[in-house]
Amino acid sequence: MPWLESLYGLCRRLLPQPVGAVIAWLALLLPVVAAAGPADAPIGPPIRAVLTAPPNVPPPLTRRHAARVIVELEVLEKEMPISEGVSYTFWTFGGSVPGSFIRVRQGDTVEFHLKNHPGNKMPHNIDLHGVTGPGGGAASSFTAPGHASQFSFKALNEGIYVYHCATAPVGMHVANGMYGLILVEPPQGLPKVDHEYYVMQGDFYTTGRYREKGAQGFDMERAIDERPTYVLFNGAEGALTGERALQAKVNQTVRLFVGNGGPNLVSSFHVIGAIFESVRFEGGSRAQTNVQTTLIPAGGAAIAEFRTRVPGSYVLVDHSIFRAFNKGALAILKVDGPPNLAVYSGKELDSVYLGDRAGPNLGAVSRASQAQAQGSLTLEDQVQAGQQLFAGTCSVCHQANGAGLAGVFPPLAKSDYLVGEPRRAITTVLNGLSGKLSVNGQEYQSVMPPMNQLNDDEVANILTYVYNSWGNPGGRILAETVRQIRATPAPAAAPTH
Ligand SMILES: [Cu+2]
């Protein structure tokens with residue numbers, strides 16, 4: 001019904017409010033009455049859909065009529081980083097996790113081509129939640145490696161929809177990254193904004209622990225138990241932090257298309273320091289306003305919008321908060337521009353919320369783990385990696401300069417507790433420390449929580465950094481030593497009498 005939408009636009013532009021608005025809205029209602037009639041048959045030659053890799057979204061559609069839209073999506077099984085120094089074999093739609101973003105218009109007829117790369121090992125298919133029909137396309141799109149399949153559907157309902165692979169074992173295909181979003185724009189389009197971004201959460205199940213280095217396999221048992229090692233935005237820790245952070249300027253409008261691929265977890269999606277002015281929750285057509293945290297079910301999506309008002313780093317998290325700080329569900333929107341003291345007087349929150357993500361990246365950490373794997377790890381590699389990890393893990397208490405805080409956190413700089421006692425330093429990090437303690441003649445009686453979420457490399461590198469900084473005597477701690485000490489059971493508590 002292109003003439004109706006033109007009429008809508010014309011009314012809005014030419015007639016004075018509110019008369020113009022009323023007529024415009026009446027014009028908008030007409031196509032609803034006539035929906036799905038023969039009138040919205042595709043017009044013109046077929047159009048190839050623009051597909052984008054996350055966090056990018058294809059440009060808004062300017063078309064004001066339904067068309068035949070060709071989507072070509074290729075499945076690629078490929079090894080990619082899931083965290084610094086950790087790789088995983090992802091199964092992808094279009095080479096990225098989440099898969100390519102697809103944008104069509106309500107009323108379009110989508111001619112879908114699914115290709116399965118000849119180098120792949122598995123058959124795959126696609127179930128699009130924006131499809132009306134059994135399996136959402138799954139049965140028609142089952143494709144063996146080296147083959148392609150084709151089916152068509154009419155995008156009847158506008159909204160933001162998840163797509164995913166539905167080949168058995170379905171959970172495994174989804175857990176390996178086989179999901180993405182398709183936006184079906186309403187006929188009149190979405191209101192214009194300054195930035196549109198594509199963010200999708202997923203939970204991952206690796207054989208190794210969180211941040212355990214090297215190539216990690218898929219762990220079916222953990223997946224069935226719903227105990228993910230990683231919970232991530234856009235398929236990798238650091239996919240949207242440091243140099244890859246989302247960008248905006250002060251006083252701009254941001255629209256986030258947020259999906260949740262699961263396979264298991266439900267997301268409590270929140271942006272620290274921002275309030276969503278509008279959320280199309282569950283991807284539906286109704287918008288909720290003034291939302292702090294929006295629930296995104298597995299296999300669901302939302303459209304969240306807000307205006308940037310104060311410069312700084314805004315942290316996107318799953319507010320099931322251990323997932324953010326201990327499993328990776330953390331991304332950053334960096335807003336540049338002049339301060340707005342009337343709205344917010346404080347300083348940047350980077351160090352409070354970002355932890356080891358506050359630095360530009362953890363490049364030194366991956367360099368050290370590569371060197372470790374190749375047997376060429378140097379003292380310098382360890383010190384640099386340790387410095388980055390210390391900043392995110394230990395400096396909140398012991399301070400970046402190792403001086404501690406008088407009476408509360410003991411110093412690590414020139415600490416007589418540390419010097420000549422590497423074994424004791426390692427057990428302190430692994431098991432924590434509490435009770436009376438004397439460092440350089442000063443008494444402390446406080447609690448250090450165990451830091452045993454750190455892996456052997458990380459503990460070794462952090463302590464090597466500590467021993468080589470702030471006037472400390474130097475020396476090296478090796479991952480092997482940490483491994484041995486971790487394997488030794490902690491000393492039993494003294495027997496009580
Ligand atoms: Cu698959």
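## The α11–α12 region

W470 lies in the loop between α11 and α12, helices being DSSP runs of H or I with at least four residues, strands runs of E with at least two, numbered from the N terminus. The phi of W470, a residue other than glycine, is positive, near 55°. The model is predicted, with local features requiring pLDDT of at least 70 and side-chain atom pairs 80 or more, whereas totals for chains, interfaces and linings use all residues. Numbering starts from 1 along each chain as its sequence is written, and side-chain values use heavy atoms, without hydrogens or water.

Helices α11 (residues 456–467) and α12 (residues 479–487) pack at about 120°, their axes 8 Å apart; axes are lines fitted to C-alpha atoms over the stretch in contact, and angles run from 0 to 180 degrees between N-to-C directions. The contact (heavy atoms within 4.5 Å) involves D456, D457, V459 and A460 of α11 with A479, V482, R483 and R486 of α12.

## Backbone exceptions

E226, which is not a glycine, also has a positive phi, about 60°, and sits in the loop between α4 (220–224) and β12 (230–233).

The A168–P169 peptide bond is cis, with omega near -10°; P169 belongs to the loop between β8 and α3. G262 and P263 are likewise joined by a cis bond, with omega about 15°, and P263 falls between β14 (253–262) and β15 (267–272).

## Copper site

H124 (ND1), C165 (SG), H173 (ND1) and M178 (SD) coordinate the copper ion at 2.0 to 2.5 Å. Donors are N, O and S atoms within 2.8 Å of the metal (3.2 Å for Na, K and Ca); water is not among the atoms, so sites may look incomplete. The donor spacing in sequence is H-x40-C-x7-H-x4-M.
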